[in-house]
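Thanks for coming, everyone. Please look at the model on the screen while I talk. I will go from single residues out to the whole chain.

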Amino acid sequence: MRPMATVGAALGLVGALALSACGDAGNANQVVYWDTSDSAESAVFREIATECGRTGGYEVRVETVAFDQALNNYKTAAQGGRGPDVLRADVGWIAQLAQAGLIQDLSDTPLATDTGDFLPAPLESTRYKGRTYAVPQVTDTLALYYNKRLLDQARVAPPRTWDDVKAIAPKLGGDRALFINNDEYYALPFLYTHGGDLVDTNSRMITVNSPEAVRGMQVAKDLLDANAARTALDQPNSYTSMKAAFTSGEVAMVIDGPWAAAEYLESPQFADPANLGIAAVPGSATPAPVGGHNYVIRQGSHATEASTRFIQCMSSTENQARIAERLGLLPTRRSAYDVPSVAQNPVVAAFRPLVASAHNRPWIPENNELLEPLQTSYADILSGRKEAKTALDDLARTYKTTVLTDYAQRWD
């Protein structure tokens, strides 16, 4: 998962109307593929998709769809029996689309056999109620990016705990040490750091305002108050501000995903790639969330057989390795990491152990609905508008009244 792109409402409406008509021609030999990757990645995915069609004997029509518009556009189209044959879906969308009957159950197809090569966390995100509805494409998590030159000049090591961040901050210029992105996905490492979580799906309990969660979220505010970090209270521009501060050398450290590495490496600060350090997010043993994307087939597609072969091709070890080599994105197949060119990629090599220890998210239909109100609560905490406990108590009530009405709430 990555920060949402900003797209104008008018453009989104036009896109929804235009895209909803695609993929309904009933051509069994044509796969309409909605690619939700960003502009820096889409050319590579288009190239590989086209090759899969050419070598597989079917036609592939690739349509690039803005990530922040894709879910709503897909649901609108699929509910009308239209839309793409194959969608590149965020891992958090799978349970929702499966529950709504908008994607195919792949459990009894070739796509659900021989899955032992896939990493456990990405594979878990493809399942809903014990059935398989997707195939893992790429996985990700968050890491601590740091400017090695700035840390070396300050004679400090990359921090392993949040207390370490406070300790080294004075040597790095106070709040120039770390930029905290004001975004709900980037709030999760703080939530997890003392053992907190959004919900407990096993006991069907809302846990976002547990003492552990409150302590974790308070860590973020404490870093700001201690002048050990900065943030952007203008939330829609927070991610852009963070990237600008890091690539200019204004701040020494940020927390970001593997998708960001290519852009960071294009900046003068990291003209020497060896200056870009990547380490685990400070905190607990599993402080960063699992993210990534999966392939799904639309329920009602007339090109199911061709779509199956298309996904097999796109998710093969060879093509996962090509994507990792060219884009630095993380494979979901173990075997892809053993390809020499992938093993030698410094970004992939740095993220590989972090993916193995990443914190699983709740793979439930309400996943997105949990994250959206978290953004408001996190912004309130960072700005000081609300104390961490008050903000998370309010968030727990929101979950109980509007998102997970059948879940219990342990803490008031």
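Start with Asp105 and Arg131. Their side chains are joined by a polar contact of 2.9 Å. This is a predicted model, so please keep that in mind throughout.

Where is Asp105? In the loop between H4 and H5. Leaving out residues up to four places away in sequence, Asp105 touches Arg131, Thr132 and Tyr133. Asp105 is partly exposed, with a relative accessible area of 29%. The cut-off for buried is under 20%. Now look across to Gln299. Asp105 and Gln299 are 194 residues apart in sequence, yet their C-alpha atoms are 8.4 Å apart in space.

Next, Gln104. This residue is also placed in the loop between H4 and H5. Buried or exposed? Gln104 is buried, at a relative accessible area of 13%. Which residues does Gln104 touch, not counting those up to four places away in sequence? There are Thr132 and Tyr133, then Ile297, Arg298, Gln299, Gly300, Ser301 and Thr304. Two polar contacts stand behind that list. The side chain of Gln104 meets the side chain of Thr304 at 2.9 Å. A polar atom of the Gln104 side chain also lies 3.1 Å from the backbone oxygen of Arg298.

Asp114 is found between helix H4, residues 94–99, and helix H5, residues 120–124. Asp114 is exposed, with a relative accessible area of 70%. Its phi is near 55 degrees, a positive value in a residue other than glycine. Most residues other than glycine have a negative phi.

Arg204 shows a positive phi too. The value is about 55 degrees, and Arg204 is not a glycine. Arg204 sits in the loop between strand E9, residues 199–200, and strand E10, residues 205–206. Arg204 is partly exposed, at a relative accessible area of 38%.

Now to the helices. Take H8, residues 184–192. How many of its residues are buried? Nine of the nine are, so H8 is largely enclosed by the rest of the structure. Among them are Tyr185, Tyr186, Phe190 and Tyr192. Glu184 is on the buried list as well. Look at the start of H8. A side-chain oxygen of Asp183 comes to within 2.9 Å of the backbone nitrogen of Tyr185.

On to Arg322. This one lies in helix H13, residues 317–327. Arg322 is buried, with a relative accessible area of 18%. What does its side chain pair with? The side chain of Glu47, through a polar contact of 3.3 Å. Setting aside neighbours within four places in sequence, Arg322 is in contact with Glu47, Ile48 and Glu51.

Find it in helix H17, residues 367–383. Asp380 is buried, at a relative accessible area of 10%. Beyond residues up to four places away in sequence, Asp380 touches Arg385 and Lys386. With Arg385 there is a side-chain polar contact of 2.9 Å. Then look towards Ala343. Asp380 and Ala343 are 37 residues apart along the chain, and their C-alpha atoms are separated by 42 Å.

Now zoom out. The chain has 18 helices and 16 strands. Its C-alpha trace spans about 65 × 50 × 45 Å along the principal axes. How does the radius of gyration fit? With 412 residues, a compact globule would be near 22 Å; the chain has 21 Å, which agrees.

Buried residues account for 58% of the 412 residues. Then the contacts. Take those between residues at least 6 apart in sequence: 76% of them join residues at least 24 apart. Accessible surface comes to about 16,400 Å², and 50% of that belongs to carbon and sulfur atoms.

Finally, charge. The chain carries 36 positive and 47 negative side chains. The centres of those two sets lie 2 Å apart.

That's my tour. Over to you.

Terms used
Residues numbered from 1 in each chain as written. Predicted model: local features only at pLDDT ≥ 70, side-chain atom pairs only at ≥ 80, totals over all residues. Heavy atoms only, no water. Helix = DSSP H or I, 4+ residues; strand = E, 2+ residues; numbered from the N terminus. Rg over C-alpha atoms; globule rule 2.2 N^0.38 Å. Buried < 20%, exposed > 50% of the residue type's maximum accessible area, 1.4 Å probe, protein only. Contact = heavy atoms within 4.5 Å. Areas by Shrake-Rupley, 256 points an atom, 1.4 Å probe, with all protein chains shown as cover. Lys, Arg positive; Asp, Glu negative; His and termini not counted. Charge placed at Lys NZ, Arg CZ, Asp CG, Glu CD. Polar contact = N/O pair within 3.5 Å; in protein donor to acceptor, adjacent residues only side chain to side chain.
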